[in-house]
Amino acid sequence: MLAEQIVNRFRVVSLERLARLEAHWAKAVVDPSDSEATAAMHREVHTLKGDARMVGFGDVDLVCHKLEDMLELARERSYSVSDDFELIVIMAVQLVGMLIRKRAGSSFGGIDLPGFIRQMDAIVADTRREQTPRVRTTTAPTLRVEADRERDVLTPATRASLSNTALELFLESAANTSRTKRVARGWGALRELLALPALLPIAPILLKHGGGVAELAHELGKDIGVRFEIPSELKTEPTVCAALDVATLHLIRNAADHGIETAAARVARGKPPHGTITVTCSAEADVVRLDVSDDGAGIDFAEVRRRGIALGLLPANTQFTEAQLADVLWKAGFSTRTVTTEVSGRGIGLDAVGAAVAAVGGTCTVSSVHGTGTTWSVSIPAPSRKVAAMGFSVPGSALRFAIATDWAIEIVADAPHVIDLAEVFGLADEPAPRGPRVKLRVRRGDLALDVVAAWNPVPVTVRRLLVTPPDANAEVVLIDGFEALLVRPDRLIQGTGKVAIVDDSEICREMMKASLEPFGIEVLAIEDPTTLIATLALSSVDMILLDLSFERLDIGELIRRIRGAIPNLPVYLHSDRPISELQRIAETTRADGYLSKTADADQIVQRVSRVLRSRRSEH
């Protein structure tokens with residue numbers, strides 16, 4: 001019997017996987033050209049099928065296998081499928097969710113599972129017989145379903161909202177020394193709800209995959225055993241465990257199917273008939289490493305090259321190193337199998353490993369010796385819950401503050417635009433403590449923030465306490481066991497300025513607003529450049545970003561009119577044209593500079609902030 005915690009973890013992870021699968025399917029039928037979304041969808045159902053098989057959810061395994069056939073057929077037809085086909089897919093996803101939630105011993109709630117499987121087979125057969133997509137109808141297949149009233153996991157949006165509320169309650173309690181019971185209870189309840197999840201032991205999560213190898217080996221006609229070498233005390237973050245779980249599932253199955261030979265083939269090569277897969281896991285310097293090794297035939301790189309060319313993943317008439325050919329193994333759709341089986345042939349297994357590991361910042365490698373065996377290696381950085389920081393206090397608050405050391409902090413004699421953190425966070429109710437005040441400049445690249453402190457910063461180690469959304473301007477942490485505030489300077493840097501975005505693209509205007517406004521930079525969006533001068537007379541701005549795509553617009557003349565109305569107002573060209581062309585146009589039109597639309601959000605914020613800071617210093 002599997003431990004209940006593993007089964008519960010399977011339920012939680014699988015329901016999250018189903019939500020992503022359903023979203024990917026909805027996107028695929030609208031935009032089949034989104035290859036990343038469609039590949040992710042196939043990985044999700046393939047991994048779910050394997051997980052269900054290992055955990056013993058045979059009904060989920062069955063439906064997922066049929067669903068995989070449907071998704072493969074839909075991909076062959078560029079997702080141009082009938083309403084009936086699309087509805088069966090959605091119902092299958094819902095059914096899988098119900099089967100995952102179904103507790104041991106409970107009924108199917110009136111669901112005719114064999115009948116629904118027959119419907120899935122029938123729609124596949126009907127679709128394969130069609131030369132063109134059938135006309136969409138409104139006749140819906142029948143499937144009794146129960147209302148889903150379980151909500152086992154907070155959605156990211158709900159968690160983000162609660163995190164912001166928790167921060168407000170914490171600041172309220174920190175500002176009020178009497179700390180009313182109601183505020184204290186609210187903060188305590190949210191702190192418990194949003195606390196970082198406990199580190200999970202890795203061994204039980206990976207050991208469950210050994211149970212299905214004997215059955216798989218029997219199906220393949222092979223004699224295979226699995227040996228696990230995982231320290232029982234080894235723990236890591238749930239996100240890392242989930243990636244290791246996916247990697248172990250697919251790498252073991254890949255080793256059993258492709259790596260280990262049949263007993264007869266092994267004996268013929270002078271090997272013992274019994275093949276062995278070894279799974280090891282270790283952690284060093286905040287990196288978790290997983291190795292799945294087999295003593296099988298090794299990788300036939302000549303066959304990899306041949307299949308890669310046949311599948312269009314490699315150019316023909318080109319020589320490749322083994323390292324280059326190994327990279328192809330991780331690509332979506334690659335498989336050396338020409339016939340699809342329940343185990344392999346869809347080109348999803350290793351792709352699923354690569355995607356799961358990459359999602360948590362990890363890397364995958366493989367080494368192989370022909371005739372001897374193969375080792376698949378996964379390395380994942382384990383997020384540290386401890387952060388090196390510089391700690392300090394601010395006048396007017398007893399609360400300690402800290403800033404992570406990936407920001408440089410220096411004491412400056414003069415800073416014209418100093419931010420008072422006690423005021424920013426609503427903590428300035430207490431009398432300012434006695435003693436000297438210092439001004440700190442916090443800098444990373446072109447981003448800079450000046451704050452006032454009560455004393456020089458000192459090195460501290462803070463411990464993260466809550467799951468905090470990345471857009472929060474601070475997070476509650478522990479310093480020496482006491483609650484403190486880890487400030488996120490990038491969220492506090494104030495543009496103290498207003499930028500006019502003149503662009504006929506609504507998407508571009510919205511993207512610029514989304515990039516700049518979180519940093520306190522107000523954005524005035526203007527669609528029609530002919531209204532710009534009149535708009536500037538009514539609304540003062542500190543910088544203009546001017547698109548070049550307007551037809552019959554004399555950019556040089558417009559800039560001259562802007563300068564006539566508001567002297568010294570910075571005007572920057574904003575376009576996706578080549579940099580050399582932007583530079584030439586900026587020089588001929590006397591613009592102050594240019595900002596390429598191909599720049600990422602951080603580069604945009606840095607450039608605009610630098611212009612606004614320069615403008616403030618001039619005034």
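**A close look at helix α3**

A: The crossing of α3 and α5 is left-handed (the near helix is turned anticlockwise from the far one by less than a right angle; clockwise would be right-handed). Helix α5 covers residues 113-129, and its axis and that of α3 come within 11 Å and cross at roughly 15° (axes are lines fitted to C-alpha atoms, for helices over the stretch in contact, with angles from 0 to 180 degrees between N-to-C directions). That angle makes α3 roughly parallel to α5 (under 35 degrees is roughly parallel, over 145 roughly antiparallel, 65 to 115 roughly perpendicular, the rest oblique). On the α3 side the contact is made by D59, L62, V63, K66, L67, M70, L73 and E76 (contact means heavy atoms within 4.5 Å). On the α5 side the contact residues are L113, I117, M120, D121, I123, V124, T127 and R128. By class, the residues of this contact divide into 10 nonpolar, 1 polar and 5 charged (Ala, Val, Leu, Ile, Met, Phe, Trp, Tyr, Cys and Pro are nonpolar, Asp, Glu, Lys and Arg charged, and the others, Gly among them, polar).

This is a predicted model, in which local features need pLDDT of at least 70 and side-chain atom pairs count only at pLDDT 80 or more, while totals for chains, interfaces and linings use all residues. Residues are numbered from 1 along each chain as its sequence is written, and side-chain values use heavy atoms, with hydrogens and water left out.

Helix α3 itself runs over residues 58-76, 19 residues in number (helices, H or I of at least four residues, and strands, E of at least two, are DSSP runs numbered from the N terminus). From its first C-alpha to its last, α3 reaches 27 Å, close to the 27 Å expected at 1.5 Å a residue (the expected span is 1.5 Å times one less than the number of residues). Of the 19 residues of α3, 14 are buried, so the helix is largely enclosed by the rest of the structure (buried means under 20% relative accessible area, exposed over 50%, partly exposed in between, with a 1.4 Å probe and protein chains only).

From α3, the residues D59, V60, V63, C64, L67, M70, L71, L73 and A74 make the contact. From α4, the residues are F85, I88, V89, A92, V93, L95, V96, L99 and I100. The residues of this contact divide into 17 nonpolar, no polar and 1 charged.

The chain just after α3 also deserves a look. There S78 takes a positive phi of about 55°. Y79, which is not a glycine, has a positive phi as well, of about 65°. Most residues other than glycine have a negative phi. Y79 is found in the loop between α3 and α4, and it is buried, with a relative accessible area of 5%.

Helix α2 is mostly covered, with 19 of its 21 residues buried. G56 follows α2 and has a positive phi, near 100°.

Helix α9 (residues 213-220) and helix α10 (residues 238-259) pack at about 25°, with axes 10 Å apart. That angle makes α9 roughly parallel to α10, and their crossing is right-handed. V213, L216 and L220 of α9 meet I252, R253, A256 and D257 of α10. This contact has 5 nonpolar, no polar and 2 charged residues.

Another positive phi in a residue other than glycine is that of D480, near 55°. D480 lies in the loop between β14 (474-479) and β15 (482-487), and is exposed, with a relative accessible area of 63%.

As for the setting, the chain has 21 helices and 20 strands. Buried residues make up 48% of its 619 residues. Of the contacts between residues at least 6 apart in sequence, 69% join residues at least 24 apart.
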